Amino acid sequence: NVIEIDDTYSGVTLMGLMSFPAGPGKIKVGTGLVGSSLGFMMESSYGVKVGSLSIRGGIRSVEALSAKTASGIEMGRTGWMDGQIVLGINL
């Protein structure tokens, strides 16, 4: 028997971040609110500069310590990872 749950986990994330340069790489760590739960994140990226254009790629991991779905189902500690590509222009 398979139980299907049609529910969502969504919200706004509000965090304080610290960024550490590591050569061409960058490491970010932060803590704050993930939805209505306390959470934290860690990000690692590597980039190159081409003229005034900066291109970075990396991964980010986010953890929520006591997540709840939109209908109130307790998920407990929940986490996910994101891949990222960042384009920046220095003026």
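Modeller: A residue is called exposed when its relative accessible area is over 50%, buried when that area is under 20%, and partly exposed in between. Please keep in mind that this is a predicted model.

Biologist: Okay, so is Glu 74 buried or exposed?

Modeller: Glu 74 has a relative accessible area of 52%, and because the cut-off for exposed is over 50%, Glu 74 counts as exposed.

Biologist: And which residue does the side chain of Glu 74 meet in a salt bridge?

Modeller: The partner is Lys 68, with an N to O distance of 3.7 Å. Lys 68 itself is partly exposed, at 42% relative accessibility.

Biologist: How many salt bridges turn up in the whole structure?

Modeller: A search of the whole structure finds five salt bridges. One of them joins Arg 60 and Asp 82, whose closest N and O atoms are 3.2 Å apart. Arg 60 belongs to strand E4 and Asp 82 to strand E5, so this pair ties together parts that lie 22 residues apart in sequence.

Biologist: Where do those two stand on accessibility?

Modeller: Arg 60 is partly exposed at 27% relative accessibility, and Asp 82 is partly exposed at 26%.

Biologist: What about Arg 77, what does its side chain meet?

Modeller: The side chain of Arg 77 meets that of Glu 63 in a salt bridge, at 3.3 Å from N to O. This pair links distant parts of the chain, since Arg 77 sits in strand E5 and Glu 63 in strand E4, 14 residues apart. Arg 77 counts as exposed, with 57% relative accessibility.

Biologist: Going back to Lys 68 for a second, its bridge is with Glu 74. Which residues are joined into one network by shared partners?

Modeller: The salt bridges that share partners join Lys 28, Glu 43, Arg 60 and Asp 82 into one network.

Biologist: Changing topic, which residues make the nonpolar surface patch?

Modeller: The patch covers about 1,000 Å² and is made by Tyr 46, Val 48, Val 50, Leu 53, Ile 55, Ile 85, Leu 87, Ile 89 and Leu 91. The elements that each give two or more residues to this patch are strand E3 (37-50), strand E4 (53-68) and strand E5 (74-89).

Conventions: Residues numbered from 1 in each chain as written. Predicted model: local features only at pLDDT ≥ 70, side-chain atom pairs only at ≥ 80, totals over all residues. Heavy atoms only, no water. Patch = residues over 30% accessible without salt bridge, like charges linked within 9 Å, V, L, I, M, F, W, Y side chains within 5 Å. Areas by Shrake-Rupley, 256 points an atom, 1.4 Å probe, with all protein chains shown as cover. Salt bridge = Lys/Arg side-chain N within 4 Å of Asp/Glu carboxyl O. Helix = DSSP H or I, 4+ residues; strand = E, 2+ residues; numbered from the N terminus. Buried < 20%, exposed > 50% of the residue type's maximum accessible area, 1.4 Å probe, protein only.
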